[in-house]
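Here is a short briefing on one protein model.

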Amino acid sequence: MGRDVIEKRPMIIAVCGVKNSGKTTLLVKLVEELTRRKIKTAVIKHDGHDFISDVPGTDSYRFHQAGAYGTAVFSDRRISVHKEGCGEQEQELIRQFPEAEVILMEGLKNSSYPKMEVIRKEISHDPVSNPAGRFLIVTDWGPEEYAEPTAGFEEIDLILEKMIDMGEKDGTDTF
């Protein structure tokens with residue numbers, strides 16, 4: 001008789017919003033709390049512009065500047081891989097974290113991933129993300145401003161509760 005194998009999928013949540021709305025700040029708070037709860041978390045950041053990920057002056061930076069299309073640095077505890085992109089999408093990056101229980105993605109506002117949108121008063125008012133999959137607006141505007149569920153920036157427990165609810169609906173409730 002064969003054993004039933006249940007393959008656990010990580011919970012994938014996109015955190016999106018306009019530039020300078022507080023996405024990274026919120027992600028840092030979420031990662032800190034998830035880590036405190038011993039939940040293995042990875043973060044994938046989508047950048048709509050080109051970027052330099054290696055530090056000038058390091059050996060790997062020098063190899064890249066010399067023309068290497070990819071470099072890797074590893075030790076007993078860490079790896080870092082940098083390579084020129086070939087049109088990869090987030091699905092390829094998700095596969096790089098098979099042990100993750102939660103994968104948070106910064107950006108991808110047009111995706112249909114389960115997502116929360118960050119809206120800060122000084123920056124914007126109206127959601128800009130694809131409403132498909134949007135389950136929460138994290139904002140410093142009052143909840144009466146939106147017809148969707150909201151949470152404040154400091155309400156990390158409430159945000160995590162909404163993530164768990166989304167995971168249960170999506171079949172990826174891992175914590």
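The points below are grouped by topic.

This is a predicted model, in which local features need pLDDT of at least 70, side-chain atom pairs count only at pLDDT 80 or more, and totals for chains, interfaces and linings use all residues. Residues are numbered from 1 along each chain as its sequence is written, and side-chain values use heavy atoms, with hydrogens and water left out.

**Sheet**
- Six strands form an open sheet in the order S2-S5-S1-S6-S7-S8, with parallel pairing.
- Strand S2 (41–45) and S8 are the edge strands; each has a single partner strand, so one side of each lacks a neighbour in the sheet.
- Strands here are DSSP E runs of at least two residues, helices H or I runs of at least four, numbered from the N terminus; two strands pair if DSSP finds at least two bridges between them.
- Strand S1 (residues 11–16) runs parallel to strand S6 (residues 115–119), joined by 3 bridges.
- Cys 16 sits opposite Glu 117 in S6.

**Strand S4**
- Ile 79 lies in strand S4 (residues 79–83).
- Ile 79 counts as exposed because its relative accessibility is 68% (buried is under 20%, exposed over 50%, partly exposed in between; 1.4 Å probe, protein chains only).

**Glu 154**
- Glu 154 is in the loop between strand S8 (150–151) and helix H4 (156–170).
- Its relative accessibility is 63%, so Glu 154 counts as exposed.
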